[in-house]
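Keep the viewer open as you read.

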Amino acid sequence: MDSQTLFGTDHGIPGFPGLLPPQLPAFLLQRRHTHNVPVIRAALEPSRGDGSSSPTAPDSSQLSSSSSLGGAAAPSSMHFSRPIITSLVGIDVVDIWSDHTPPPFCNLPNSYSFLVKHSILWRLSYQIIQPRLVHLPYLATVKAICNKGISAAFDKYQPDLLVSVHPLMQHVPLWILRSRIKAGTYRPINFATVVTDFTTCHNTWFAPGVTRCFVPTEFCKKLGLRQGLNEDQISTYGLPIRPIFSKRLAPKRSLKRQLGLDPDVPAILLVGGGEGMGALEVTVEQMALKLGTRCQMVVICGRNKKLLDRIQGTQHASGMRVLACGFVDNIHEWMAASDCIITKAGPGTIAEALIAGLPILLNGNIPCQEEGNIPYVIDNGVGAFEKQPAKIADIVVDWLGEGEAAFKDMARKAKALGRPEAVYKIVHDLAQLADLPCLEWGPAATNQKNKKPTVVVQRRHADRRINHCATGAASGRPGPAGS
């Protein structure tokens with residue numbers, strides 16, 4: 001059988017000769033993001049460096065299921081497969097909560113922003129379903145109510161692999177899939193979880209019945225083991241970040257010139273997320289007051305147009321230059337041109353900053369799931385945590401002054417911790433999981449007895465019968481977990 005290279009060649013990550021069959025099976029990708037995305041039917045061309053692709057007639061389809069329940073995972077989950085997979089994949093982007101569940105569950109995505117802004121309510125809702133004695137009965141009830149709609153989504157899109165990147169979409173679709181495989185109403189396929197929280201994870205991320213669980217850190221792996229996953233089910237590759245972050249860029253001084261910055265002055269990148277949240281204005285004022293012309297600032301205001309206008313309209317008496325931007329799609333270039341970053345403790349931004357080799361100054365966090373990211377940054381010697389703008393400015397003053405040696409050491413440690421290859425490893429393994437059902441772990445294993453069955457692997461354009469050992473030892477079994 002002819003093969004086709006899995007990865008593009010312009011990302012600067014050597015050593016990944018992964019191959020895909022010419023007809024890549026469809027797979028269901030469940031994700032969370034900050035904005036609604038229309039259904040897309042398009043094949044993907046190999047990445048052209050900017051992450052773009054050209055629509056052509058697809059040979060098979062990938063279902064990308066989205067939900068606005070949790071915007072922190074958007075950078076990773078939204079783009080991690082698209083620029084890598086070859087041109088034979090069709091993608092359907094849907095919101096599995098909003099489009100395939102009845103009320104009140106279809107309204108859950110709309111509650112996320114409200115709960116996060118009211119931290120007490122968020123912490124209560126997060127912790128109340130943390131114990132297995134609570135969330136398993138709760139999710140069993142959700143399954144009973146949502147079974148019909150989610151099952152219909154399986155029939156509509158016919159995925160060859162289910163991939164979930166949302167903590168509340170592990171157990172329910174897995175149970176529905178497993179029961180259908182057992183009843184003979186759906187062919188045996190695999191189920192994979194890609195955890196997009198960095199350290200502190202809700203227990204609902206980990207369903208022991210999955211085929212494979214990809215986690216970003218050893219801390220997450222230990223949480224998964226405590227929740228009943230087997231060592232062989234877990235792969236610790238890192239957080240999947242857009243492949244554009246592994247692309248070779250121009251030197252820092254050249255990038256600064258290209259982006260309108262002074263190449264001879266340290267650049268501090270202040271990120272407020274998609275909504276431009278946090279005390280950005282006060283932080284800029286304190287930085288201008290205490291650093292003056294010793295640095296320049298880049299402020300990413302996201303979709304907060306009022307904040308953008310105010311910052312752009314402010315002249316600082318100290319002479320510090322401030323360049324404010326709205327929502328940007330080249331954050332990788334801004335990071336590569338900067339000397340440090342001030343941001344909240346979101347997993348995607350931390351992972352991106354590490355790849356860029358930036359010291360990280362955390363200025364806030366979402367309660368519960370982002371709290372563990374703070375000691376991760378501090379304990380690994382790649383940054384600090386401070387909420388008060390005046391003290392944030394004091395830390396930067398030290399980093400650019402007496403603490404310059406430690407500052408440079410943070411940059412080196414950050415670069416060493418970065419995992420730009422994680423997305424390639426994960427997608428490589430997903431391609432293998434989409435090829436044949438694993439008979440040792442996952443929903444397909446529940447359909448097997450102590451015999452060597454003949455498994456029918458159904459595809460959109462090719463059916464084939466393969467003798468597959470029930471122990472999973474046959475050549476079609478996905479490779480061993482771990483990096």
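**Pocket and cores**

The lining of the second largest pocket is made up of 18 nonpolar, six polar and seven charged residues (Ala, Val, Leu, Ile, Met, Phe, Trp, Tyr, Cys and Pro count as nonpolar; Asp, Glu, Lys and Arg as charged; the others, Gly among them, as polar). Please note that this is a predicted model, where local features need pLDDT of at least 70 and side-chain atom pairs count only at pLDDT 80 or more, while totals for chains, interfaces and linings use all residues. Residues are numbered from 1 along each chain as its sequence is written, and side-chain values use heavy atoms, leaving out hydrogens and water.

This pocket holds about 650 Å³ of space. Of its 31 lining residues, K252, A336, A356, G357 and K415 are the closest to its centre. Helix 15 (404-417) is among the elements giving two or more residues to the lining, along with helix 11 and helix 12; helix 15 provides the largest share, five residues.

Now turn to the largest nonpolar core, which has 35 residues, with L269 and W334 making the most contacts inside it. Such a core is a set of buried Ala, Val, Leu, Ile, Met, Phe, Trp, Tyr and Cys residues joined through side-chain atoms within 4.5 Å; buried means under 20% relative accessible area, with a 1.4 Å probe and protein chains only. Strand 10 (267-271) and helix 11 (331-337) are among the elements that each supply at least two of its residues. Apart from this core lies another, of 33 residues, including I96 and V215.

Finally, find S235 in strand 9 (residues 234-236). S235 counts as buried because its relative accessibility is 0%.

Terms used: Buried < 20%, exposed > 50% of the residue type's maximum accessible area, 1.4 Å probe, protein only. Helix = DSSP H or I, 4+ residues; strand = E, 2+ residues; numbered from the N terminus. 1 Å grid on protein atoms, 1.4 Å probe; cavity = no way out; pocket = protein on both sides within 12 Å on 5 of 7 lines; lining within 4 Å. Points joined across faces, edges and corners; volume = space filled by probe spheres on them.
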